[in-house]
Amino acid sequence: MRRYVIKRLAQAVGVLWAAYTVSFLVLNWLPGDPVTAMAGAGMDSGDVDPARLAALRHEYGFDKPVLVQYADYLGRAVRGDFGDSVATGRPVTSTLADALPQTLQLTSAALLLAVLLGGGLAVLATYTARRWLRQLLLSLPPLGVSVPTFWVGLLLVETFSFRLHWFPAFGNDGLKGLVLPALTLAVPTGAQVAQVLAKSLLTALDQAYAETARAKGADRWRVHLRHALRNASLPALTVVGLLVGQLIAGSVVVETVFSRDGLGRVTAAAVTAQDIPVVQGVVAFGALIFVTTNLVIDLVYPLLDPRIVVASGRRAALA
């Protein structure tokens, strides 16, 4: 078990480093100059004082070679210091800390809704004995996956805000203001959970252990929940871990559609302004959330199926 945990921790650190490095390279390859944009405030770069540009580039370290900039940024990032925003001059950590609570609230609510709705749909679709109802329920997840997130958000706003007046259309107005954005993020995410879990449940219900449980007199509900669901949940857990990153990325669109303050809007503004320190901070934070979630899921796996640790140990011994 110790070797299994160490291996997963090493993989998590590798993902964090790779995400930070790739984002740094991409941002530095983009055309344009964030310092010119900040100094000129929309004016042509020829109208900006060259001395002011040189001073700002020196202040933010943009006059150094790319490899030196990378080493400097990475060294500070390891200590939790992402520098100051090029656009606002505020520390990046303060900017992220101000926006973080709203985004965490949104993504947590969306993930909870996705698991409940997607898992409930998968269990109901595979449990019902009515063939037409099963086919109808199993046809819903592909539809949910194919619909664009922004279209779901606009449809929910039109229906429940403008027509029924049940929920506010925009802003961060408490719990009522969270319902529609969370549901917008949860629809495609829950659809993917439902697809994977339903397929795994159908496969598990055809296995020998399920037939043995039926032969011993277990009713359908017991076979479904106690025997099949536990084994079928492993692929769904993997998908949930991967979808955390999708939820963070989707918050950019959802927070824009619903005019909510959060990391999504901060990211959109930073990318537009080529605010490299802020974008680097957002990427590092998103990667940290992603790897932490997947690390927790990896550590939960052996509790559901101890054979995973045994298999990992055998492969290590053979290597």
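Okay, let's start with the record: UniProt, in an unreviewed entry, puts "transmembrane region" at residues 12-30, 109-129, 136-157, 177-198, 234-258 and 278-304. Those positions use the numbering here, feature names are shortened, and annotations may be inferred rather than shown by experiment.

Quick housekeeping: this is a predicted model, so local features need pLDDT of at least 70, side-chain atom pairs count only at pLDDT 80 or more, and totals for chains, interfaces and linings use all residues. Residues are numbered from 1 along each chain as its sequence is written, and side-chain values use heavy atoms, with hydrogens and water left out.

Now two of those spans. Residues 177-198 are 100% helix and 0% strand, with end C-alpha atoms 32 Å apart. Residues 109-129 come out at 90% helix and 0% strand, again with 32 Å between the end C-alphas. Helices here are DSSP runs of H or I, at least four residues, and strands are E runs of at least two, numbered from the N terminus.

What about the packing? The largest nonpolar core has 20 residues, and Tyr20, Phe62 and Val278 are among those with the most contacts inside it. By nonpolar core I mean buried Ala, Val, Leu, Ile, Met, Phe, Trp, Tyr and Cys joined through side-chain atoms within 4.5 Å; buried is under 20% relative accessible area, exposed over 50%, partly exposed in between, with a 1.4 Å probe and protein chains only. Helix α13 gives this core its largest share, five residues.

Last one: His165, in the loop between α8 (149-163) and α9 (176-205), has a positive phi of about 60° without being a glycine. At 61% relative accessibility, His165 is exposed.
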